[in-house]
Amino acid sequence: MKNRLSDLEEQLGQSPSRAPLEMRLRSLQQQLNPPDTEADTAAPTPTSETSAPTVASPQAQDPLFRLATYRVTLPADLLFAIDQATLQPNARPLLDTILPDLSRYQGATILIGSHTDDTLSAEESRQLTFQQAMAIRSYFTERLGQDYHWVAVGYGHSQPLVAAADELGQQRNRRVEIAILLP
């Protein structure tokens, strides 16, 4: 019987290896999060002792979302006011339409990735989108419970769908992706 690491290697297009576990994990980590610069490789790795959550800065077309079995993309403008991280009242009925689908996959990993336009600085965008993803995670957790593995990611404006030369392009870039990764 194959183990989960071998399954993940296959999903990412690698042949399962007999190398030591640590080397296999490091290889997968490098594939999932390739360093942008030499500075990224020297950055300290967050530990469980870190008091505040860190904001992820993933690469374009995050491999985690490519592994997702099911995925939905929602316009962030329907969930949040522009440059805000508090769910609008009309967001709740929209998110409630997703609950029955999520409830069928207890034990799954639920990925919530928020994106914004490029009107804020890169750091402000990452912070804002991380807060938005966490707001959605909190909403789902209140309704579904802790029987899931929740992953909230703030992409900022690092993964635009379109070149945002106009308001319509900026609006398309403001989005939230919710995906289910089955165990």
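Which residue in E4 does Leu74 stand opposite? The legends below take up that question first.

**View 1. Strand E1 pairs with strand E4 in this predicted model.** Leu74 stands opposite Val176 in E4. Welcome to the pairing of E1 with E4 (residues 175–181): the two strands run antiparallel, and six bridges join them.

**View 2. Four strands make up an open sheet with mixed pairing.** Reading across the sheet, the order is E1-E4-E2-E3. Strand E1 (70–75) and strand E3 (149–156) are the edge strands, each pairing on one side only.

**View 3. Helix H8 lies across strands E2, E3 and E4.** The helix covers residues 122–144, and strand E2 covers 109–115. Relative to E3, H8 runs at about 155 degrees. Among the elements of the protein chain, H8 also has the highest mean pLDDT, 96.

**View 4. The largest nonpolar core has 26 residues.** Good places to start looking are Leu79, Leu87, Leu95, Ile136, Phe140 and Ile178, the residues with the most contacts inside this core. At least two core residues come from each of helix H5 (76–79), helix H6 (91–96), helix H7 (99–103), E2, H8, E3 and E4. H8 gives the most, with six residues. In soluble globular proteins, nonpolar side chains tend to be buried together.

**View 5. Here we zoom in on the contacts of Leu95.** Neighbours within four places in sequence are left aside. Leu95 is then in contact with Leu74, Leu79, Leu87, Ile136, Tyr139, Phe140 and Ile178.

**View 6. Four aromatic pairs are counted in the model.** One of interest is that of Tyr70 and Tyr105: the ring centres are 5.4 Å apart and the planes stand at 40 degrees, so the pair is tilted. Tyr70 lies in strand E1 and Tyr105 in the loop between H7 and E2, so this pair ties together parts that are 35 residues apart in sequence. With 41% relative accessibility, Tyr70 counts as partly exposed. Elsewhere in this view, look for the aromatic cluster formed by Tyr139, Phe140, Tyr148 and Trp150.

**View 7. Over residues 34–60, pLDDT stays under 50.** For this stretch the model has 22 contacts beyond four places in sequence. Helix H3 (residues 38–42) has the lowest mean pLDDT among the elements of the protein chain, 35. For the protein chain, the mean pLDDT is 76, and 62% of its residues reach 70 or more. A friendly caution: where pLDDT is low, the predicted coordinates should not be read in detail.

Terms used. Residues numbered from 1 in each chain as written. Predicted model: local features only at pLDDT ≥ 70, side-chain atom pairs only at ≥ 80, totals over all residues. Heavy atoms only, no water. Pairing = 2+ DSSP bridges. Contact = heavy atoms within 4.5 Å. Axes fitted to C-alpha atoms, helices over the stretch in contact; angles between N-to-C directions. Core = buried A, V, L, I, M, F, W, Y, C linked by side-chain atoms within 4.5 Å. Buried < 20%, exposed > 50% of the residue type's maximum accessible area, 1.4 Å probe, protein only. Phe/Tyr/Trp six-rings, centres within 6.5 Å; stacked < 30°, edge-to-face > 60°. pLDDT = per-residue confidence, 0-100.
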